[in-house]
Each structure stands twice: as structure tokens, then as C-alpha cells.
Amino acid sequence: MSINHGTSPRQALLMLAPLLDQHESQLAQQFDLVRAFDPHALEAVLADRPERFRALVTNGVVGVPTPVMRTLVNLSLIAVNGVGVDGIDLDQANARGILVETTVDLLTDAVADQAVALLLCLLRQVCVADRFVRAGSWREGAFPLLGTTLRGQRVGIIGLGRIGQAIASRLLPFGVKLAYHNRNELQGCSYAYHPDARSLAADSDILIVAAAGGNATSRLVNAPVLEALGAKGVIVNVARGSVIDEAELVARLQDRRLAGAALDVFADEPQVPPSLFDLDNVVLQPHIGSATLQTRRAMGDCVVNAVCRSML
């Protein structure tokens, strides 16, 4: 898009979440960027002519609070730097004709890579061994723990969408047995289908959560599911923290009713249950499933193009 050299006032663009500097610079050439990355800043912005905003930029975690959307009376576009829309009132968006554009497909590979990386870190004690070396403990004796091989493990995937299928394709060369749970069985899929998450967990050594967030999947992985996974089971979550009953998960990790967990997402980000910090049977990440330079560049390009198409 060419830079607007006209004398008319530039349109205001509300940003609830940041982009890479290069993408914010591109948008700043075209629009009057108004950044409101915290509640206090947003409150001030909404008190100052909220009708001026026709578009906003957010991400899958921040979303758009329902009252904020109501206040933005002229809103016509929500550009999401991500794929999650569980933080957006889609009913209101549909009723008002607000277009919600995501960066669907662009982060599939990065998140799938992260899921497999987390799983291998957990099974092979990568983070624990790293801490062992850094602490100087190796000089005092050999690493005392043995890892678990991935080959031959039964892997259940909750949510066999784009990301779930990409995870599955990466795991097949390891010689695992794959199964899945979706709301509906996928026609032509060769993996075993389970109609509910509990039966999938009972038939799995490893449970990988790749389902979309939102009310439909809230605490889908609950106490009965975790009980079915059992004391030797491990869980990986690269979806949304809300999909797992976090209190139940933490309790079972603490008393070893669950062997381990690798978590990139949490129920109340960036708040992470402190009781997880001292556990050696967990791998913790700050929601960075899509955080590769290549992926974030592609996502940012998509957001910039969506905003420019809508407003110029």
C-alpha cells in the first residue's frame, strides 16, 4: 500500500496488542495508531471519541472484551494476530456485521513444532538435565534420572484440526500409535476416533491438547479425564489454558497421580500457579507456540494487509 500524502486527517487504528516493530511502522505510515495495551490505557482511550475507530488489532489471548466492542460503535474490523477467537464476542460481531480476520494457517507449523519439542523435553528430561548441569551437579555424579522413549507410545490428540493434524504428522515417524477426539469423527482419517475425551485418555500414554478455546471446550480435560490418563500418563497443552481444569492438573502433578505435563498455556495468563515452579515433572513456557521470527512476520503481514484492505 502506498503512503497517504493527502491533507485529510488519518484514520485512527486501535491496537489492543502489539505487532513486530516493522509491522507497527507500516501501519503508522497509514494510520493514527492508538496503542492501549493495558486496562488503564484502554479506559482512557475509550473515554476519548471511541466512535473514531473503525478497526482494531488484537491477538488471540487479549481478544476484545464485550463492553469494549459495544463502546466502539463504528467498529467494522477486528484483525487478530493469531487464530484464537474465544476472547471475542462473535455473536455481537455477527449481529453488527463486524469482520473478524485471523491469521489462520500461518502458525500451524510453528505450534506443531512446539508441541513436539515440549513433549520430547518432558519425556527426555531435557530441562531437568539442563538445570543439573548448570548447578554443577554433574561434577558430583551422573544424572540420576532416565528418560522415556517416544517410540511405541500411545498418543491421543484432543482437537484434530489443522494444528492437531500437523502434530500427528510430525509424530508418525517416531513410531507412535495415534488416536484423537473431535466433536465429530473425521471422514477418511486413519487414526482411531474416540467420541469423548475420557475414553481417549484411557487409551493414551500421552495426551496432547490442540483444541480451540471457548465455552465449548472449557475444562474439557477435567478430573475424570486426568484420572483416566493415569499416574503414568503425561499431558501437553499448546491450545488454551481453559481447556484443562488447571487446579485438578496441578494437584495431580504434585502428588504424582500424573507423571508429567508440558504447558505453553495457562488459565489466567500470565499468572502461572506457583506450585508448578518447583516441580521437576513439568515443562513451562510463556505461550510462545507461534513465536518464531518467520511465523510472526507472516502473521504481521496478514494483519497489516487486512487492516489496509478494510480501511484504505
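Residues are numbered from 1 along each chain as its sequence is written, and side-chain values use heavy atoms, with hydrogens and water left out. Because the model is predicted, local features need pLDDT of at least 70 and side-chain atom pairs count only at pLDDT 80 or more, while totals for chains, interfaces and linings use all residues.

I235 lies in strand 10 (residues 234–237); strands (E, at least two residues) and helices (H or I, at least four) are DSSP runs numbered from the N terminus. With a relative accessibility of 0%, I235 is buried; buried means under 20% relative accessible area, exposed over 50%, and partly exposed in between (1.4 Å probe, protein chains only). Leaving aside residues up to four places away in sequence, the contacts of I235 include L122, V209, I244 and A262, a contact being heavy atoms within 4.5 Å.

The structure holds 15 salt bridges, each a side-chain nitrogen of Lys or Arg within 4 Å of a carboxyl oxygen of Asp or Glu. One of them joins R162 and D105, with the closest N and O atoms 2.6 Å apart. R162 belongs to helix 7 (residues 162–171) and D105 to the loop between strand 5 (99–101) and helix 5 (108–123), so the pair ties together parts 57 residues apart in sequence. R162 is exposed at 52%, whereas D105 is partly exposed at 46%.

A salt bridge also forms between D109 and R170, at 3.1 Å between the closest N and O atoms. This pair links helix 5, which holds D109, to helix 7, which holds R170, across 61 residues.
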